[in-house]
Amino acid sequence: MSSLVAHGIRTVGVLGAGQMGTGIALVSALRAKVPVLLYDRSTEQINKGLALMDKLLEKDVNKGRIESIHAKEARDRVTVVSQEDGIKGFRDVDMVIEAVSENLKLKQSIFSSFAAELRPDAILASNTSSISISKIAASAVPQNISPASEEGKKTASRVVGLHFFNPVPVMKLVEIISALQTSQDTLDRARSFAAACGKTVTTSKDVPGFVSNALLMPFINEAIMCLEKGTATRDDIDTTLKLGMNHPMGPLQLADFIGLDTCLAIQKTLYEGTSDSKYRPSILLERMVDAGWYGKKNGKGFYEYNA
Ligand code: 3HC
């Protein structure tokens, strides 16, 4: 019996078909080999996600990394949830992974619906980059039930942070975040799922940004401040880090790649969650997001892209 089956994870739901959700759906279907239900409220986003999945599978086949039959099997494991069903479409899954944008209110409303619509033993995971998992877990408890009651604690104990990295098929890590309420069983099952997706797991306490973004975001922000102050040009900042420190991308290119709106949202969570000025977002980043420049995803950030 595989460890995944032993942990009762036979079907997975993924909410959000952006770059993260699509990648998570792909590794779940290809590596963990579980049937995946994929839902996004935007049909256009779903179509984009499926097209990306097809492209990545085709590339794996062309490079001889997987047999075409395995690519087809993986693709066949992914089913799109209808707009009519929405979150109700996840009613039978063993685990759901939320991968929507970094917006606390949106995530709270999603987790409240998850708890209402999903099986009572399903794991409710969030791919959030920085938001408090304990806060998200509390939103899964219905309002007429006390979070301190046995029922409230049991509901929240199923919530966990499952933080994948972009691009999901390439990056080897999943950071698992335990909320105050998360049970050991939920952690074990989440770890087993991430391992089945071919990822190495690290764990972090539920602090703003966890380990990964508490370290990465001040680094990116400092690079933006260097540009803002005129310390060096964009290219010199990125080249310094790429060639001087062997980073695969310079920090400004990486910010574009993650999404400037996402970087700003994470930095605000860090700043608000710690009141530490070292996390204060740079004005330049704020203004670029004000201007609607979100980086690679919409064609303009520190660099220009074909959107
Ligand atoms: N999806 C899937 N695969 C992708 C991809 C994508 N979006 N982008 C690139 N790849 C694949 C390529 O197809 C290629 O695969 P191949 O070896 O089979 O041909 C492989 O990655 C290498 O790509 P390239 O040769 O085109 O380019 P690079 O060698 O420059 O690698 C990169 C691209 C892997 C993205 C590399 O630049 C890199 O590692 N950058 C840093 C990425 C990073 O730090 N990610 C973490 C961001 S932080 C985060 O996600 C957390 C969040 O909370 C903010």
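Biologist: Which residues of H8 are buried?

Modeller: First, a heads-up: this is a predicted model, where local features need pLDDT of at least 70 and side-chain atom pairs count only at pLDDT 80 or more, while totals for chains, interfaces and linings use all residues. Residues are numbered from 1 along each chain as its sequence is written, and side-chain values use heavy atoms, with hydrogens and water left out. Buried means under 20% relative accessible area, exposed is over 50%, and partly exposed is in between (1.4 Å probe, protein chains only). In H8, the buried ones are Thr186, Leu187, Arg189, Ala190, Ser192, Phe193 and Ala194.

Biologist: How far apart are the end C-alpha atoms of H8?

Modeller: Helices (H or I, at least four residues) and strands (E, at least two) are DSSP runs, numbered from the N terminus. The expected span of a helix is 1.5 Å times one less than its number of residues. H8 has 13 residues and should therefore span 18 Å, and the model agrees, with the end C-alpha atoms at 18 Å.

Biologist: Which residue with a positive phi follows H8?

Modeller: Look in the loop between helix H8 (184-196) and strand E8 (200-205). The phi there is near 85°, and the residue is exposed, with a relative accessible area of 55%. It is Gly198.

Biologist: How far is Gly198 from Asp40 in space?

Modeller: Along the sequence, Gly198 and Asp40 are 158 residues apart. From C-alpha to C-alpha, the distance in space is 25 Å.

Biologist: Which members of the largest nonpolar core touch the most other members?

Modeller: A nonpolar core is a set of buried Ala, Val, Leu, Ile, Met, Phe, Trp, Tyr and Cys residues joined through side-chain atoms within 4.5 Å. The largest one has 41 residues, and helix H2 (residues 19-30) gives the largest share, 7 residues. Apart from it lies another core, of 26 residues, including Val93 and Leu124. In the largest core, the members touching the most others are Leu38, Met95, Leu162, Phe164 and Phe193.

Biologist: Why are Asp290 and Arg287 about one helical turn apart, and how long is their salt bridge?

Modeller: A salt bridge is a side-chain nitrogen of Lys or Arg within 4 Å of a carboxyl oxygen of Asp or Glu. Asp290 and Arg287 are about one turn apart because they sit 3 residues from each other in helix H13 (residues 283-290). Asp290 is exposed at 55%, whereas Arg287 is partly exposed at 48%. Their N to O distance is 2.9 Å.

Biologist: Which residue forms a salt bridge with Asp85?

Modeller: Asp85 is partly exposed, at 32% relative accessibility. The partner is partly exposed too, at 40%, and the closest N and O atoms are 3.9 Å apart. That partner is Arg91.
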